[in-house]
Amino acid sequence: VSAPSRSPKGFPKLKNDTFLRAARGEETEYTPVWCMRQAGRYLPEFRETRAAQDFFATCRSPKVCCELTLQPLRRFPLDAAIIFSDILVVPQALGMDVVMTPGKGPTFPEPLKEVEDLLKLRQKVDVTAELGYVFQAITLTRHSLEGKVPLIGFSGAPWTLMSYMIEGGGSTTMAKAKSWLYRHPDASHRLLRLLTDVIIDYLVGQVAAGAQALQLFESHAGHLGPEQFQVFALPYIRDIARGVKSKLKSEALPLVPMIVFAKDAHYALADLARAGYEVVGLDWTIRPQDAR
């Protein structure tokens with residue numbers, strides 16, 4: 001007996017499925033176009049909307065997230081929309097404080113310094129309680145799109161989130177986070193496993209809320225060499241694809257296409273292509289012909 005679906009019903013019929021067909025490897029009449037940072041600083045209306053409140057307060061307002069997601073589509077004939085949110089809402093769900101510092105970017109006032117600090121994190125996260133505002137934003141946006149284009153949900157990948165949680169913000173070297181991998185491999189795996197479990201629930205919740213595709217951002221893959229990537233990033237990237245698909249099936253939710261984007265991990269493209277995702281995202285450092 002299949003589980004009852006918890007997906008909201010009554011979404012408008014999709015009028016342009018070119019992006020989804022391309023993601024499934026089907027022939028399309030043209031190459032679909034979308035931008036990863038669709039809601040961006042290049043738009044005056046974005047800057048105006050964002051100036052009104054704190055960044056993470058914006059992320060927690062479904063109405064504002066919906067507006068920021070729709071703004072680019074009013075100007076450009078894009079083939080998909082990506083929900084306005086941030087990858088660092090996951091560390092927040094684990095109980096960490098994150099603030100957006102003007103001119104500096106995201107900052108953790110109390111980053112993880114010692115292995116004991118892992119005990120301060122929530123070991124069990126109710127994603128609906130902690131991240132329900134993202135789900136509400138997705139449902140609202142899916143209705144507001146009126147079927148014009150599909151809506152993409154996303155999450156940061158475990159290593160990328162771990163690196164922020166230990167560095168306390170952006171870094172050109174990720175030296176503190178990388179030293180954890182050498183000094184505390186077991187604790188690193190514990191943290192990566194905790195993040196993986198939350199991300200799986202979070203992505204499944206996004207599909208239940210109305211996301212029609214999912215993207216996993218391993219934005220800091222380039223800070224790892226091939227050996228470290230094999231040990232500390234790839235197994236969790238694989239587990240997320242497997243875990244999400246298994247849960248979608250058991251909860252009778254749609255099996256949506258999944259995209260993995262590991263920035264600067266051109267050394268791992270063959271492995272990523274076999275990691276269980278329908279789409280492998282490429283960065284600007286590799287020619288698409290070489291990647292193929």
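Biologist: What counts as a helix or a strand here?
Modeller: Both are DSSP runs numbered from the N terminus: a helix is H or I over at least four residues, a strand is E over at least two. The model is predicted, so local features need pLDDT of at least 70 and side-chain atom pairs 80 or more, while totals for chains, interfaces and linings use all residues. Residues are numbered from 1 along each chain, and side-chain values use heavy atoms, without hydrogens or water.

Biologist: OK, M174. Where is M174 found?
Modeller: In the loop between α7 (158–167) and α8. Phi of M174 is near 55°, which is positive for a residue other than glycine.

Biologist: Is M174 buried or exposed?
Modeller: M174 is buried, at 1% relative accessibility. Buried is under 20% relative accessible area, exposed is over 50%, and partly exposed lies in between, with a 1.4 Å probe and protein chains only.

Biologist: Which helix has Y182?
Modeller: Y182 belongs to α8, residues 175–183. The residue is exposed, at 62% relative accessible area. Between the C-alpha atoms of Y182 and Q228 there are 9.5 Å, although 46 residues separate the two along the chain.

Biologist: Switching to strands. Why is β4 largely enclosed?
Modeller: Because 6 of the 6 residues of β4 (residues 151–156) are buried, the rest of the structure largely encloses the strand.

Biologist: Which residues point which way from β4?
Modeller: L151, G153 and S155 point one way, I152, F154 and G156 the other, and all are buried.

Biologist: What does β4 pair with?
Modeller: Strand β1 (residues 81–82) is joined to β4 by 2 bridges and runs parallel to β4; pairing takes at least two DSSP bridges. On that side, A81 stands opposite L151. Strand β5 (residues 213–218) is also parallel to β4, with 5 bridges between them. The partner of G156 in β5 is F217.

Biologist: How do residues 152–168 look as a span?
Modeller: The span is 59% helix and 29% strand, and its end C-alpha atoms lie 28 Å apart.

Biologist: Now pockets. What is the volume of the largest pocket?
Modeller: About 1000 Å³. A pocket is an open set of points on a 1 Å grid where a 1.4 Å probe fits, with protein on both sides within 12 Å along at least five of seven lines; lining residues have an atom within 4 Å of a point. The volume is the space filled by probe spheres set on the points.

Biologist: What lines the largest pocket?
Modeller: There are 30 lining residues, and R37, R41, F55, S85 and D86 lie nearest the centre. At least two residues each come from α2 (44–51) and β3 (105–107), and α2 gives the largest share, 3 residues.

Biologist: How about the second largest pocket, what lines that?
Modeller: That pocket is lined by 22 residues, with V279, V280, G281, L282 and R292 nearest its centre. Elements giving two or more lining residues include α1 (18–23), β6 (258–262) and β7 (279–281). About 840 Å³ of space lies in the second largest pocket.
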